[in-house]
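Please look over the sequence and the structure shown here before reading on.

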Amino acid sequence: MARIEFRNLGHAYGPNPASLQDYALQPMNMVWEDGGAYALLGPSGCGKSTLLNIISGLLVPSEGQVLFDGRDMTQMPTRERNIAQVFQFPVLYDTMSVFDNLAFPLRNRKVAESEVRARVHEIAEILELTRDLKQRASGLSADAKQKISLGRGLVRKDVAAILFDEPLTVIDPHMKWQLRQKLKQIHHQLKLTLIYVTHDQVEALTFADEVVVMTNGKVVQQGKPEALFVRPDHTFVGYFIGSPGMNFYPLQIDGDAVVIGQQRVDVDAAQLQALKHANGELKLGIRPEFVELTTAGAPGAVSANVVQVQHLGTSQLLTAEFGGQIVKARLDASTRLDGGQQWLRLAKAETIFFSNDERIGR
Amino acid sequence: MNKPYNNKAWFFILPVFLTVAFSAIIPLMTVVNYSVQDIISPEQSVFVGLEWFRAVMRDSELHSALLRQLIFSFCVLLVQIPLGIGLALSMPAQGWKSSAALVILAMPLLIPWNVVGTIWQIFGRADIGLGGYVLSRLGMDYNYASNSLDAWITVLVMDVWHWTPLVALLAFAGLRSIPDAYYQAAQIDGASRWAVFRFIQLPKMRGVLVIAVLLRFMDSFMIYTEPFVLTGGGPGNSTTFLSQYLTQKAVGQFDLGPAAAFSLIYFLIILLLSFILYNWMQSAGNGNQATGAPHE
């Protein structure tokens, strides 16, 4: 188990990156604590696989360092890093039994056969694979295969971290939940550092203690799931997390109010002060969950025309339009909504303001 | 709903039926027909039952041709399969080097079989051929036309040169289909180069290797053109393989009955051996590893 630290770590596939756009992974500093469960979340091509490959040693970064428990591992080959990895699809040694698959990493390291046996049985017990130990690995279901892949990492006592590269992609939906529970349970039991790469926000938010959100090679926020929801540091986090994502509106400042889509909206004095100090392109962001219906002319409200109301069981999703902008609001299922015009409160305590896509102050 | 019942459906299988009939059943039945008759002249023939089969089975020349054939095919597999795998493993995986290696490797496959025979006939000659000349300058008494061992080895080396590329191409295709994640997992698991070959590459290549073994077995078992051009079956009968012996019988002596019986036996031997090889290779991949099998 290890504490993983990145120091000015960056990677560009081409030589001499001139601007930040040339990086597959923009230089950054980050610390992942020993025994934590971390998720790397972002769309395809955001650099999360690059970061994962740097951790596992399949890729040597073009700049900066990776440290495990303070030891510089940047140049260390994969086999000496004590990393385990579960891939997107099950990677097994087809001709071997489940037992041999689990024993393989230990036997390669010349561990005594008696210890191999004890360790494999111990891990098989945790993963509920004991009954299948004598079976050929290739005949098992996809979720059992992924458990074996995971088991090959767990059998090693010296393993520093286990990396998961979208491990639930090939698993049936009803097994996904079970397997994720299993992962959490193992995490509690063995206190391992787990790193989970995914583009599925539900997986990331339910699995991890801390989520690292990436886009275009940049780490835009690292934080607890609630923080990502309530206080996104970047418009991308607001947009990517949540379903539907945050509402964003470009704004101008006009005296003691802001203007969004030709409507004047009153904002809190402190927020206004922060906005006046910020430069760059300003945006107001509010989650659909925080938008509320209000009365005509209420502070912080805009007048919008209802476009659509979708009933989602426990809530309903309102889509409305004002001055060419769309606003989505998640409202209580019991709220009575008549079509036509509604006043929606966009500026309130939960509202976040962004300057050049970065959160302002607070 | 009232479904009409009629026999129109038969028309739909007619094309398949005709194709199979003309391509396989009719020629085969012609041979079966010849094999049970004594054809004295085109107008006159006598039904002789299994007489030709008995005669062929007792033919000692056939026995020795069969033995030669078995040894030859066995040697072909023994050399070409490992060599093909080795070539595939040492080839560059991608880029222009890979393409270049593939083209160079495929060259012998593009040469007509009788030309292959001619090339080696000249190549092996001590007076004008590069191979024969070098060997004789090295002090070896090499002459494929008079020494039967030399002739044998020359035919074998020629076949290896001609057909190993096919095995290599198949094995290469098999290797390329292995996803990178397997190699990454092996690195993470600390597997040695040998373990990667034994537990990832070889199992993943099994499908194509079964095809390679069957193709090489069947082809080598039917080898005709190259030794015919190179040695003409000699010296003596040392490189007379089954096909050539059959041709001598059927065309040379015009013994259609025995030749037909022989053809059928030949066909059945290939079928049987292919079947055995196939099943053996399938079970070698599926069985024997089940419970904590010893590890190298």
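This is a predicted model: local features need pLDDT of at least 70, side-chain atom pairs count only at pLDDT 80 or more; totals for chains, interfaces and linings use all residues.

Residues are numbered from 1 along each chain as its sequence is written, and chains are lettered from A and ligands numbered from 1 in the order in which they are written.

Where the chains meet, 24 residues of chain A are in contact with 21 residues of chain B, contact meaning that the C-beta atoms of two residues, placed from the backbone, lie within 7 Å. On the chain B side, the elements that give two or more residues are α8 (180–188) and α9 (193–221), helices being DSSP runs of H or I of at least four residues and strands runs of E of at least two, numbered from the N terminus. The most comes from α8(B), with six residues.

Within chain A, strand β6 (residues 83–86) pairs in the parallel sense with strand β7 (residues 161–165) over four bridges, where pairing requires that DSSP finds at least two bridges between the strands. Ala84(A) has Ile162(A) as its bridge partner in β7(A).

Elsewhere in chain A, strand β15 (residues 282–286) runs antiparallel to strand β21 (residues 352–355), joined by four bridges, and Lys283(A) has Phe354(A) as its partner in β21(A). Two bridges also join β21(A) to the antiparallel strand β22 (residues 358–359) of chain A, with Glu358(A) as the bridge partner of Ser355(A). In this hairpin, which has two residues between the strands, Asn356(A) takes a positive phi near 50°.
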